[in-house]
Amino acid sequence: FLFPMVVGLFVLRYEVVDVILRSGEFSSEAAVKTAGVFGVMLIGVIGQSLLPLFSRAFYALHNTVIPVVVSVSAVVINLGLNFYLGINLGYGVYGIAVASAFSTLLGMIVLMLLLRSKYLNTYAFIPWGHIGIILVSALIMGVSVWFLKQMFFDLLSLNVITKLLALGVSSYLGAILYYLLCRPKVFEESKLLRRLLIGFTK
């Protein structure tokens, strides 16, 4: 569910921040800024999720040096970019978000390439056809969710309850569309999604 989750949250980032945080002293301008940072950090979620997977692959092969070196290097790069983008170039919290996302994605890519070159042909074991379908399905879902949320937020008189309703309905319909696009007979995660969405147990 990683890619559809990232795409869905990215599309709904402003509405999520608006519903959860926008009240009292938290202004519309602050909500827009927070949503922007949230969107950038979501890109880094991909690296944060897959980097431990590749690290554990090295650990299983009794190699603890490479993942540690890559992780420490990613932290150093992150700190350097934080200072350069956030302070030196004056991008502030946006620069810090970009630095964090970039360093985690870089660490993930380096570990994947090292695993492939040193131990096995990773590409032979990764179902790229299925991943392609997942990515395309997630993008189609994201576009559909965007249109749905535009429609709901234009039609409804918005307060906290109706905003939550619009978010929930848009997310639910987007998840159903993703499930239908991913062909449940092929993907195990689609079977799990079916059970979550409609309570199907078999």
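Student: Start with Glu15: is this residue buried or exposed?
Tutor: Glu15 has a relative accessible area of 8%, so it is buried, the cut-off being under 20%. Keep in mind that this is a predicted model.

Student: Which side chain does Glu15 meet in a salt bridge?
Tutor: The general idea comes first. Side chains of opposite charge can pair when their charged atoms come close. Here the partner of Glu15 is Lys149, at 3.0 Å from N to O. The two residues sit in distant parts of the chain, 134 residues apart. Glu15 belongs to helix H2 (residues 13–21) and Lys149 to helix H7.

Student: Is Lys149 buried or exposed?
Tutor: Lys149 counts as buried, because its relative accessibility is 7%.

Student: How many salt bridges does the structure hold?
Tutor: The count is one.

Student: How do I read an aromatic pair, and how many are there?
Tutor: A pair of aromatic rings is described by the distance of the centres and the angle of the planes. In this model the count is one aromatic pair. The ring centres of Trp146 and Phe147 lie 5.0 Å apart, and their planes stand at 85°, so the pair is edge-to-face. Trp146 is partly exposed, at 39% relative accessibility. Phe147 is exposed, with 53% relative accessible area.

Student: What lies over the face of Phe10?
Tutor: Arg13 does, at 4.2 Å from the ring centre.

Student: Back to helix H7. Why does Ser137 count as buried?
Tutor: Ser137 has a relative accessible area of 4%, so it is buried. This serine is found in helix H7, which covers residues 128–155. Leaving out residues up to four places away in sequence, Ser137 touches Tyr178, Leu181 and Cys182.

Student: Now the surface. Which residues form a nonpolar patch?
Tutor: Tyr84, Leu89, Tyr91, Val93 and Tyr94 do, with about 470 Å² of accessible area together.

Student: What secondary structure does the whole chain have?
Tutor: Nine helices and zero strands. Along the sequence the pattern reads α-α-α-α-α-α-α-α-α.

Student: How many of the residues count as buried?
Tutor: Of 202 residues, 36% count as buried. The chain exposes about 11900 Å², and carbon and sulfur atoms supply 72% of that area.

Student: What about contacts across the sequence?
Tutor: Take contacts between residues at least 6 apart in sequence: 66% of them join residues at least 24 apart.

Definitions and conventions. Residues numbered from 1 in each chain as written. Predicted model: local features only at pLDDT ≥ 70, side-chain atom pairs only at ≥ 80, totals over all residues. Heavy atoms only, no water. Patch = residues over 30% accessible without salt bridge, like charges linked within 9 Å, V, L, I, M, F, W, Y side chains within 5 Å. Areas by Shrake-Rupley, 256 points an atom, 1.4 Å probe, with all protein chains shown as cover. Salt bridge = Lys/Arg side-chain N within 4 Å of Asp/Glu carboxyl O. Helix = DSSP H or I, 4+ residues; strand = E, 2+ residues; numbered from the N terminus. Buried < 20%, exposed > 50% of the residue type's maximum accessible area, 1.4 Å probe, protein only. Contact = heavy atoms within 4.5 Å. Phe/Tyr/Trp six-rings, centres within 6.5 Å; stacked < 30°, edge-to-face > 60°. Lys NZ or Arg CZ within 6 Å of the ring centre and 35° of its normal.
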